[in-house]
Amino acid sequence: MKEDKLLAGVHRSAQTGLLTIPMLQQLTECERFREVTNKQLRGYRRVCRAAKALAPKSGTADFDMSCLAMARAVICLKIGTITDRSSSHLAEMLIMGTTAGYTDLRRRISEFKNAPRAVRVLAECLSDMEERYLADLRQFL
């Protein structure tokens, strides 16, 4: 259904964070970076659980990231960290990804104003979280 598109976007955005953040954490020895990104992981886990709970009973297969999207994220991450694994560079990569996700989410929120209230509230919650995450990551630049 069309109103599910906002919920699907929320779920995929949180899934992207759950996929990429642990990979970046393995590349750094900076304990502060791990602390900040662990906070982000907890937030993305909460959003994924909430999105699945709101998903229609017909299933959530459409809500998951495609294999191609996952592969693209992994490849971009590996290529982006070949020569620079500093916490500054890792934060920059996360900022770029989070900004892209945030922009897409804001666009969906505007487009699907008639989505169920609970879905809109979850989308706004994720939007607010990502704004805070961007501010948290700037300290590493």
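The side chains of aspartate 104 and arginine 108 meet in a salt bridge, at 3.1 Å from N to O. A salt bridge here is a side-chain nitrogen of Lys or Arg within 4 Å of a carboxyl oxygen of Asp or Glu. This is a predicted model: local features need pLDDT of at least 70, side-chain atom pairs count only at pLDDT 80 or more, and totals for chains, interfaces and linings use all residues. Residues are numbered from 1 along each chain as its sequence is written, and side-chain values use heavy atoms, with hydrogens and water left out.

- Aspartate 104 and arginine 108 both lie in helix α4. They are four residues apart, about one turn of the helix.
- Helices (H or I, at least four residues) are DSSP runs, numbered from the N terminus.
- An α-helix has 3.6 residues a turn, so residues three or four places apart point the same way.
- Arginine 108 is buried, with a relative accessible area of 17%.
- Aspartate 104 is partly exposed, at 31%.
- Buried means under 20% relative accessible area, exposed over 50%, and partly exposed in between (1.4 Å probe, protein chains only).

**Salt bridges between helices**
- The whole structure holds five salt bridges.
- Side chains of opposite charge can pair when their charged atoms come close.
- Arginine 106 pairs with glutamate 124 in a salt bridge, and their closest N and O atoms are 2.9 Å apart.
- Arginine 106 lies in helix α4 and glutamate 124 in helix α5, so this pair ties together parts 18 residues apart in sequence.
- Arginine 106 is partly exposed at 27% relative accessibility. Glutamate 124 is also partly exposed, at 30%.
- Aspartate 136 forms a salt bridge with lysine 39, with 2.7 Å between the closest N and O atoms.
- Aspartate 136 sits in helix α5 (residues 117–138) and lysine 39 in helix α2 (residues 31–54), so the pair links parts 97 residues apart in sequence.
- Lysine 39 counts as partly exposed, at 36% relative accessibility.

- Helix α3 (residues 67–80) has 14 residues and should span 20 Å at 1.5 Å a residue. The expected span is 1.5 Å times one less than the number of residues.
- The end C-alpha atoms of α3 are 20 Å apart, which agrees.
- Which residues of α3 are buried? They are Ala69, Ala73 and Leu77.
- These cover an arc of only 65 degrees around the axis, which puts them on the same side of α3. The arc is that of the directions from the helix axis to the C-beta atoms.
- The face turned away from the buried side carries the exposed residues Cys67, Leu68, Lys78 and Ile79.
- The cover over the buried residues of α3 includes α1 (4–25) and α4 (87–111).

How values were computed. Helix = DSSP H or I, 4+ residues; strand = E, 2+ residues; numbered from the N terminus. Contact = heavy atoms within 4.5 Å.
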